[in-house]
Protein chains: 2
Amino acid sequence: MHVRAASYALNSLPGYLQKLLPDSAPVQPESLQAVLQEVETKILPGVTHWQSPNYYAYFPSNGSIAGFLGEMLSAGISIVGFSWITSPAATELEMIVLDWLANLLKLPNDFLSKGPGGGAIQGTASEALLVVLLAARDRILREIGKDALGKLVVYGSDQTHSSLQKACQIAGVHPENLRLQRTESCNEYALSPESLGDAISHDIASGLIPFFLCATVGTTSSTAVDPLLALGKITKRNQIWFHVDAAYAGSACICPEYRHHLNGIEEADSFNMNCHKWFLTNFDCSALWIKDRNTLIQSLSTNPEYLKNKASQGRKVIDYKDWQIPLGRRFRSLKLWMVLRLYGVENLQSYIRNHIKLAQQFEDLVAQDIRFEIVATRTFSLVCFRLLPANKNEEYANKLNRDLLDAVNSSGQIFISHTVLSGKYILRFVVGAPLTEERHIVAAWKLFQEASSSLLENS
Amino acid sequence: MHVRAASYALNSLPGYLQKLLPDSAPVQPESLQAVLQEVETKILPGVTHWQSPNYYAYFPSNGSIAGFLGEMLSAGISIVGFSWITSPAATELEMIVLDWLANLLKLPNDFLSKGPGGGAIQGTASEALLVVLLAARDRILREIGKDALGKLVVYGSDQTHSSLQKACQIAGVHPENLRLQRTESCNEYALSPESLGDAISHDIASGLIPFFLCATVGTTSSTAVDPLLALGKITKRNQIWFHVDAAYAGSACICPEYRHHLNGIEEADSFNMNCHKWFLTNFDCSALWIKDRNTLIQSLSTNPEYLKNKASQGRKVIDYKDWQIPLGRRFRSLKLWMVLRLYGVENLQSYIRNHIKLAQQFEDLVAQDIRFEIVATRTFSLVCFRLLPANKNEEYANKLNRDLLDAVNSSGQIFISHTVLSGKYILRFVVGAPLTEERHIVAAWKLFQEASSSLLENS
């Protein structure tokens, strides 16, 4: 199967597949050939090609041959590793590779499995965030009583990923107690420690109970980096759980020249990065580390008779079922292990650097065209930009850029997404697909220029 | 790779793998050959072989070639289908195959995607239960105010899966408000409608607010079937959300002769079965249907700018991100589609019937040996039995059966698990691995007999 353009799928209308497939499952078996032919003729035309070199939307979700082989092994062995006993190798390999990755990221020793902490693979950053929010919620409620749930306050910024809001909804944190501090362009959209400190003081004075902060290294809209060290000092002073979400940008921190973005991580209670984003490990593989695994276990464990066994009862083993929302879990460490071994650290670092270099090249191209504006500083491989018409009416500018996004996406040649920063509609161009090369960046830029010329002429 | 015995893993001691692997990821890439060799020599010895024909523990977790091919396709295409736009084919195929499966199970039309309901693939039954509990919680709290959380009461039986307790912990339902009604041997461990009705009346009289019932078709300990029709009438009268968990036994209900176990399903608000248990679809693939998808969406949706798109804003499409805990999701419908098409309905029915027939044969063997007792009626493919010594001291009997489980499992020839019913320690023998044949059942029984003889002689 060739990966061609990014967005054939845009030619699919809602309900297209219903018209192509029968109403019920076949009574008799069909041939593999027939099924594969339908994959080609009916399924693939409705696929948005995340692995295409021309995919620049959202954040990347890397697949690789190493990751694919890991998925094959995992699907072939096909175990369910909820407790150590249900496949010792699955639990142990996961502990080992997350220690390896923690060392690559130079995480503090507190996050390693040999102490009271450790790492676990979650499905997504949303689940990682939810489980630590639950651990933090229950830790404080054990102290102050469960009826105080309505007083608990969670902090983030207006750039924090929406999974924080979702985790709060699930955990029953009252929506009016989620403080998303306003960020500013002049501050590169990072969370301001002053604003956080003020909010906390104000909430305490109002009789509320601050208990959780989610900071971000590499926000979704503009890859802003919150100042971990300063934020961590505030959370420590106020006994607030400090979670760091580096879902996308964590991967870059395996390179010494980007590691400083994690300065202050020693203050955090938990840390997350998605190996399935920019680390060549097929979705899903979200790495979560925590300093005190007992807080997680206290929130999430159950101990029914039918799962009891000597190893668990003897407390000699990790049972990952108590670190996550589901009971069952796949043997996902295999694919991360294969990625780390088949690439090696140096190649993984080069992989990251190459994408950042390509993003820089794209940024240079944008900067050379006076019709465009770079809207936020590029820190990693995301370029935020927009067409800036002579007529500087913001409403018009927003419409123009929406039209530009529609124009390039509906060409079927590339696929990008957008955001809004300080009221401005902005195009996001993220370099991160494994197959993207310089020629793709250059062609994409040409497409933007042509579509812009055409839009400006017709406006 | 051959699947041999079920439980090589039992020879692995905690920490075995740490001793065999290096402390850090390699700087330079290694060869695939080297990695695969380590899979064989270091990983596989620590694997509990769920796919072995001699695996009879917990419930099965079927892998199949069809499911494996589906996983390969999914890993190869490697998209993330959180919104329709991010791969229309992924959302649409999921809607279609869940409609197919709903029709196979003769679920009421309310669960089909053409109305206000529909199906979605969750990772596990735990997640399916959690999302509907959240939908039910938020539906009632929207009416009575969120401060009433502490008054909400959830019902199940002492045989309900522990995921109900876990879902309550996560959702913030107070632990003392989880009513697990006691079941009785004389009632085949099914939830009694009378006991449920009494509990609800008592709670209402105490000023509490009943809002959720989880009934089970095929409980974990003994595959008991709760009487859906009678329970459903009670929940309807009391405006309680009625969820039916058929994680294991749902698969059997595609056979007309077992479909009656779902009688009353028309009263349910939501229904779940795990295609990854006994339906040849590699883990994970848990099918959830709901009558009113808006309740789910109201609980779980977020709508950040960076995910907005015309299709979603136009409300013309399903965005499955709002039906589940995580944001990202794999293209899991592919494997269920391949299983349904490559087997066909008749073969899937034969597959189920064959396992039930084998379980029946095993049950007959047990019944013919007067040293043993069948402890619960066999309804599907689980046989619950125990060695019943002449000396009828229960404590002694329990120890003897614990020793018997240890003896057969540590032989490495089979792998089983246990439960406790009415204070009795009981061996669970579930037939459900795709490769299990009559000869395996016969050999397993011989192993039980020999181990029992040896235990009884030495006692």
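**A buried threonine and what lies around it**

Tutor: Thr281(A) counts as buried, because its relative accessibility is 0%, and buried here means under 20%. The model is a predicted one, and what follows should be read with that in mind. Thr281(A) sits in the loop between α8 (275-278) and β7 (286-290) of chain A. If its neighbours within four places in sequence are set aside, Thr281(A) is in contact with Asn62(A), Cys275(A), His276(A), Lys335(A), Leu336(A) and Val339(A).

Strand β1 (residues 118-122) of chain B is largely enclosed by the rest of the structure, because five of its five residues are buried. In a regular strand, side chains alternate between the two faces of the sheet. In β1(B) both faces are covered, with Gly118(B), Ala120(B) and Gln122(B) buried on one side and Gly119(B) and Ile121(B) buried on the other.

Further along chain B there is an open sheet of four strands, in the order β8-β9-β11-β10, with antiparallel pairing. Its edge strands, each of which pairs on one side only, are β8 (372-376) and β10 (417-421) of chain B. From one strand to the next, the twist averages 45 degrees. Inside this sheet, β9 (residues 382-387) and β11 (residues 424-430) of chain B pair in the antiparallel sense over four bridges, and Cys384(B) has Arg428(B) as its bridge partner in β11(B). Helix α12 (residues 345-368) of chain B lies across β8, β9 and β11 of that chain, and it runs at about 15 degrees to β9(B).

It remains to relate the two chains to each other. Chain B is superposed on chain A by a rotation of 180 degrees with 0.0 Å of shift along its axis, at an RMSD of 0.0 Å, and this is the relation of a two-fold axis. The C-alpha of chain B nearest the axis belongs to Ala171(B), at 2.8 Å from it. Of the interface residues of chain B, 100% are also interface residues in chain A, so the copies meet through the same surface.

Methods:
Residues are numbered from 1 along each chain as its sequence is written. Chains are lettered from A and ligands numbered from 1 in the order in which they are written. This is a predicted model: local features need pLDDT of at least 70, side-chain atom pairs count only at pLDDT 80 or more; totals for chains, interfaces and linings use all residues. Side-chain values use heavy atoms; hydrogens and water are left out. Two strands pair if DSSP finds at least two bridges between them. Helices (H or I, at least four residues) and strands (E, at least two) are DSSP runs, numbered from the N terminus. Axes are lines fitted to C-alpha atoms, for helices over the stretch in contact, and angles run from 0 to 180 degrees between N-to-C directions. Contact means heavy atoms within 4.5 Å. Buried means under 20% relative accessible area, exposed over 50%, partly exposed in between (1.4 Å probe, protein chains only). Copies are superposed by least squares on the C-alpha atoms of residues with pLDDT of at least 70 in both.
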